[in-house]
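Hello,

Here is the structure we talked about handing over. My notes follow below it.

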Amino acid sequence: MPRKTKSTPRKRKALPKQYAAPKGSTRERLMRRAARLYKAGKIQKAAELREKMEKKERAKSKTKKKK
């Protein structure tokens, strides 16, 4: 069995600016989780996650427009 060594933490690839997800935010984590699900072939689960997340964002933007 090979010996474990300390590895340097991997730098996360930045999300596209269109998603407006600040670094380290819940939204960023959910975006990354959805991407992993899509990649694993769990399309339905990823779509449900994205829809739930986007619904919250749409509600936020509606309240901002009203003010």
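**What the model shows**

The protein has two helices and zero strands (DSSP runs: H or I of at least four residues for helices, E of at least two for strands, numbered from the N terminus). This is a predicted model: local features need pLDDT of at least 70, side-chain atom pairs count only at pLDDT 80 or more, and totals for chains, interfaces and linings use all residues. Residues are numbered from 1 along each chain as its sequence is written, and side-chain values use heavy atoms, without hydrogens or water.

Of the 67 residues, 19% are buried (under 20% relative accessible area; exposed is over 50%, partly exposed in between; 1.4 Å probe, protein chains only).

**Salt bridges**

The whole structure holds four salt bridges (a side-chain nitrogen of Lys or Arg within 4 Å of a carboxyl oxygen of Asp or Glu). One of them pairs Arg27 with Glu54, with the closest N and O atoms 3.5 Å apart. Arg27 sits in helix H1 (residues 26–39) and Glu54 in helix H2 (residues 43–66), so this pair ties together parts 27 residues apart in sequence. Arg27 is buried at 12% relative accessible area. Glu54 is buried too, at 19%.

Glu54 also bridges to Arg50, at 3.6 Å between the closest N and O atoms. These two are four residues apart in helix H2, about one helical turn. Arg50 is partly exposed, at 22%. Shared partners join Arg27, Arg50 and Glu54 into one network of salt bridges.

Within helix H1, Arg32 and Glu28 lie four residues apart. Their side chains form a salt bridge at 3.0 Å, N to O. Glu28 is buried, at 6% relative accessibility. Arg32 is buried at 19%.

Best wishes
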